[in-house]
Amino acid sequence: MSFTVHGLAVSRGIAIGRAVIVASSRVDVAHYFVKVEQVEAEIERLRSARKAVVEEIGRVQHSLGELGSNDAHPELSALLDVHLMLLQDEQLTNGVKHWIVDRHYNAEWALTTQLEVIARQFDEMEDPYLRERKADLEQVVERMLRFMRGVASPVAAPRPAATDGKSDTLFDPSVEVPLVLIAHDLSPADMLQFKQSVFAGFVTDVGGKTSHTAIVARSMDIPAVVGARSASHLINQDDWVIIDGDAGVVVVDPSAILLAEYGFKQRQGEVERERLSRLKNTPAITLDGQKIELLANIEQPEDAVGALKAGAVGVGLFRTEFLFMGRNGKLPDEEEQYQAYRRAVEGMQGLPVTIRTVDVGADKPLDRTPVRAGEDHLNPALGLRAIRWSLAEPTMFLSQLRAILRAAAHGAINLLIPMLAHASEIRQTLALVDRAREQLDARGQACGPVRLGAMIEVPAAALTIPLFLRYFDFLSIGTNDLIQYTLAIDRADEAVSHLYDPVHPAVLQLLASTIAQCRAQGKGVSVCGEMAGDVAMTRLLLGLGLRSFSMHPSQILAVKQQILRCDTVKLATWAQSVLVAEDPAALMAD
């Protein structure tokens, strides 16, 4: 009987195939107490499991390097590094030992108990991307549990159960029977094997739009639905499954009519993708001759490869905080950062790279002692984060600034400062930039010029744009936080997430005012939040005067296609009517 499962649409396209189920290995973990003389043996079991997983990831990384530039995805490499760092995390290892030594829990019970302790800390993080790194920790634990139970990695050799006498042909290389993977979750290592396998798409019970599975799926352009809750329990091995990555719907045991309908949509999608790929080298110019700048958001230096492949004309946002995370409190030094920024600059082959200074703090403490004893971060979204944290840690901040200035000797760099709101913060920041340059001059180290920019992501900044334009060469609008702070909505809170509205009149007024003032002063302005990559917002942003968009590389061609069909002169009049509308969304839907 046909039924549907709903989740989050994270990667476009249609996949149709037989289901291969991978259940969570944490189900029915054994719980028992061990004797005092067994404690050391349990700890040794954990050491062996960790060592085995480290070696397994090492083998995957080696095979990743052998794939060559066409198949090696920087997202996978970066996420594998995250998993290795989590395996060495003292909070995980020491916590597990505590449960074994002090409580006499068996190794599996201790491991899952400590996972729940750390998972609660991830749940309290404000940033959705970092909050969803909990999934990476869960996968590390899953792999250790599989080793202790003697279970193979999930996608190493899946074989669906025989239900119709055809399962033997599913893995016959001479017979192309499409398969889709249904799992509780997928690790980066699993995703690499997935890339090399016959799977046509995947569905996971957990995950969000910024989870690693979603990121990798978008980079590989694979149909995927995440957050489908109990999909791995509702779907049986070898069921026929349709994955609608555009709508976030999974159809199980579809009728012949539905199969035909989605088969047609699948062919249409393939034609559309081929057509979009032809736009890579087409300049992003509107019908009335306006040249639009399409930039890429990246998290690691190696992401530059994907940015160039998508036709980006530069990097509009390099999120440097991902160089700082998961390091057991040991921050990257100046030399390590310099080499990372240099790789990004050289990877873009002469195109400009906008590097945002580290955006951590409060909810992202980097496993370090708080700056002020007693900090409890009751409201981390309003706490010591971004530039506030950097100014509170001048030694760290100067180290990053020196690294960026040194990298600027190798190519064009724009230096972007997050979450500024006060004139005093601006002056302190610029003074530190000057000091960093003086320190390099004193050392006799080469450094290059940088354009200075500020992120507009709190209403206070958006309402005092003239102040920012006096000090900065360009502005970048971070719409994710700007919407959150303008509407007083915690976008991580499911109870109020439906009120998170990108086209709320107040949000649009702040956007329009910021863009207009920058253009009037001849200063560059871009949008680097989710709105930039949303094709439903492209026409409005163009009508408001935006000429620079920064987004995930996989979104660039779709946005470019929309731009090529637009006339900004006509859109300007329409955009003004949207601005004064009581219900802007209704006008945009017309």
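Guide: The answers below take up a helix, a pair of helices and a strand residue in turn. This is a predicted model, in which local features need pLDDT of at least 70 and side-chain atom pairs count only at pLDDT 80 or more, while totals for chains, interfaces and linings use all residues. Residues are numbered from 1 along each chain as its sequence is written, and side-chain values use heavy atoms, with hydrogens and water left out.

Visitor: Which residues of α23 are buried?

Guide: They are Thr568, Leu571, Trp574, Ala575, Val578 and Leu579. Seen down the axis, these buried residues fall within an arc of 145 degrees, so they line one face of α23. The arc is that of the directions from the helix axis to the C-beta atoms. Buried means under 20% relative accessible area, exposed over 50%, and partly exposed in between (1.4 Å probe, protein chains only).

Visitor: And what do they pack against?

Guide: The buried residues of α23 pack against α20 (505–520), α21 (535–543) and α24 (584–589). On the face turned away from the buried side are the exposed residues Val569, Lys570 and Thr573.

Visitor: Which side chain has a polar contact with that of Thr568?

Guide: The side chain of Asp288 does, at 2.4 Å. A polar contact is a pair of N or O atoms within 3.5 Å; within protein, one must be able to donate a hydrogen and the other to accept it, and residues adjacent in sequence count only if both atoms are side-chain atoms.

Visitor: New topic: how do α4 and α6 cross?

Guide: The axes of α4 (residues 107–123) and α6 (residues 134–149) come within 10 Å and cross at roughly 175 degrees. That makes α4 roughly antiparallel to α6, a term for angles over 145 degrees. Axes are lines fitted to C-alpha atoms, for helices over the stretch in contact, and angles run from 0 to 180 degrees between N-to-C directions.

Visitor: Lastly, is Phe318 buried or exposed?

Guide: Phe318 is buried, with a relative accessible area of 0%. Phe318 is found in strand β10 (residues 315–319).

Key:
Helix = DSSP H or I, 4+ residues; strand = E, 2+ residues; numbered from the N terminus. Contact = heavy atoms within 4.5 Å. Parallel < 35°, antiparallel > 145°, perpendicular 65-115°, else oblique.
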